[in-house]
Amino acid sequence: MSPGSPTVPTATPDYGELALVMSGGGARAAYQVGLLRFLARRYPDLNLPILTGVSAGAVNAVHLAQHHGTFTQAVDELSNLWGELSTDRVFRVDTAALTGNMARTGLRLASGGLFQPGEFRSMVNTAPLRVFLNEAFAAVDGKVTGVDYNLHRGTLRAIAISATSYTPGQSTVWVQGRDIVGWERPMRRSVNTDLSVEHVMSSTALPLFFPAVRVGNEWFGDGGIRMTAPLSPALHLGAKKIITISTRYARTPAEASQHEIEGYPPPAQVLGVLYNAVFLDLIDQDVIRLNMMNRVLGRLPPDQREGLRIVD
């Protein structure tokens with residue numbers, strides 16, 4: 001397994017051992033659909049009993065988890081959804097909405113917070129995205145009922161999507177599955193629940209640009225903010241083999257050493273590097289750590305691994 005080049009299964013996996021992990025990256029999550037289409041053509045009967053997603057990857061994961069058809073049918077429909085997605089279906093693009101939000105943000109920043117033009121929540125209004133997801137998931141009163149259907153018929157073991165709670169400031173992994181044992185680590189926790197559109201909205205809520213989403217008594221934002229171990233949910237859910245799709249282009253050493261700008265870095269460049277570090281780089285680093293752990297475990301006899309397992 002390597003970043004950007006997921007391990008492709010060579011045989012039908014045993015129930016519960018194969019997981020698909022999808023990271024965020026905004027519109028770049030559409031790249032994940034390209035690999036899924038390849039898998040669907042190569043392995044039309046592929047079963048993915050464990051699905052996890054963060055941010056835009058959560059949209060893809062929930063779609064696959066709730067679809068009633070075959071893997072190929074689910075991927076084809078997901079491809080169509082991304083093909084239909086446009087800016088106006090993500091946030092309001094009318095002049096009044098955009099200029100109003102920009103003006104309030106600018107006035108607050110320019111005045112050092114002295115000018116309070118109403119409560120500031122985000123740069124854009126994402127009400128259209130909520131409507132789009134309700135339609136895409138065939139949600140019933142906001143609940144993604146297709147997940148429960150697939151759990152009962154045995155094609156799905158568990159799905160997990162991650163968000164960041166602004167209230168205690170920790171990563172929350174929402175899990176819907178069968179016979180799931182929860183976990184809690186420093187700044188990370190799992191919560192068993194029935195997934196809804198609001199859970200997906202919270203996982204995709206890019207800080208400052210998208211509004212935080214209230215789930216229960218807490219406010220949540222993009223799952224990539226605090227997700228320091230993107231492969232962790234799949235491992236906790238029992239995965240023995242993982243397909244992970246990174247949306248980051250793996251540059252060669254020569255490409256990485258090239259200067260992208262000349263002179264003092266503009267704010268857009270600084271912001272881009274910051275967002276890449278938070279939302280795109282972590283899954284690649286987690287894959288490297290997992291491969292290192294696999295090599296260490298491979299040198300130990302099975303009876304000395306203290307419950308740890310090799311994950312392909």
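## The second largest cavity

In this predicted model, the second largest cavity is lined by Val21, Met22, Ser23, Thr52, Gly53, Val54, Ala160, Ser162, Pro230 and Pro233. Its volume is about 50 Å³, and the structure holds two cavities of 30 Å³ or more.

Three strands each supply at least two residues of this lining: E1 (18-22), E2 (50-54) and E3 (158-165). Strand E2 provides the largest share, with three residues. Sorted by class, the lining of the second largest cavity contains six nonpolar and four polar residues, and no charged residues.

## The second largest pocket

Two helices, H8 (232-236) and H11 (281-298), are the elements that give two or more residues to its lining. Helix H11 gives the most, with five residues.

The lining of the second largest pocket is made up of 16 residues, and those nearest the pocket centre are Ser232, Leu235, Leu290, Met293 and Leu308. By class, the pocket lining has eight nonpolar, three polar and five charged residues.

## Salt bridges

Three salt bridges are found in a search of the whole structure. One of them joins Glu135 and Arg89, with the closest N and O atoms 3.0 Å apart. Glu135 belongs to helix H5, while Arg89 is in the loop between helix H3 (71-84) and helix H4 (95-110), so the pair ties together parts that are 46 residues apart in sequence. Glu135 counts as exposed, at 51% relative accessibility, and Arg89 is partly exposed, at 26%.

Helix H5 also carries Arg130. The side chain of Arg130 forms a salt bridge with that of Glu198, at 2.7 Å from N to O. Because Arg130 lies in helix H5 and Glu198 in helix H7, this pair links parts that are 68 residues apart in sequence. Arg130 is partly exposed, with a relative accessibility of 29%, and Glu198 is also partly exposed, with 26%.

Another salt bridge connects the side chains of Glu218 and Arg189, again with an N to O distance of 2.7 Å. Glu218 is in strand E8 (residues 218-222) and Arg189 in strand E6 (residues 188-192), so the bridge ties together parts that are 29 residues apart in sequence. Glu218 is buried, with a relative accessible area of 18%. Arg189 likewise counts as buried, at 16% relative accessibility.

## The loop between H7 and E7

Phe209 sits in the loop between helix H7 (197-203) and strand E7 (213-215). With a relative accessibility of 32%, Phe209 counts as partly exposed. Together with Leu208, Leu271 and Leu274, Phe209 forms a nonpolar patch on the surface, and the accessible area of the four residues together is about 370 Å².

Pro211 is also placed in the loop between H7 and E7. Pro211 is buried, at 17% relative accessible area, because the buried class covers values under 20%. The C-alpha atoms of Pro211 and Asp222 are 9.9 Å apart, and the two residues are eleven positions apart along the chain.

## Positive phi at two aspartates

Most residues other than glycine have a negative phi. Asp141 has a positive phi, near 55°. Asp141 is in the loop between helix H5 (127-136) and helix H6 (145-153), and it is exposed, with a relative accessible area of 80%.

Asp179 is not a glycine either, and has a positive phi of about 55°. The place of Asp179 is the loop between strand E4 (171-177) and strand E5 (184-185). Asp179 is exposed as well, with a relative accessible area of 77%.

Ile243 is part of strand E9 (residues 241-245). Ile243 is buried, with a relative accessible area of 1%. The C-alpha atoms of Ile243 and Leu18 are separated by 7.7 Å, although these residues lie 225 residues apart along the chain.

Notes:
Residues are numbered from 1 along each chain as its sequence is written. This is a predicted model: local features need pLDDT of at least 70, side-chain atom pairs count only at pLDDT 80 or more; totals for chains, interfaces and linings use all residues. Side-chain values use heavy atoms; hydrogens and water are left out. On a 1 Å grid over the protein atoms alone, a cavity is a set of points where a 1.4 Å probe fits but cannot get out, and a pocket is an open set with protein on both sides within 12 Å along at least five of seven lines; lining residues have an atom within 4 Å of a point. Grid points are joined across faces, edges and corners, and a volume is the space filled by probe spheres set on the points. Helices (H or I, at least four residues) and strands (E, at least two) are DSSP runs, numbered from the N terminus. Ala, Val, Leu, Ile, Met, Phe, Trp, Tyr, Cys and Pro count as nonpolar, Asp, Glu, Lys and Arg as charged, and the others, Gly among them, as polar. Patches are made of residues with over 30% relative accessible area and no salt bridge: like charges are joined within 9 Å, nonpolar side chains (Val, Leu, Ile, Met, Phe, Trp, Tyr) within 5 Å. Accessible areas come from the Shrake-Rupley method with a 1.4 Å probe; for residues, only the protein chains shown count as cover. Buried means under 20% relative accessible area, exposed over 50%, partly exposed in between (1.4 Å probe, protein chains only).
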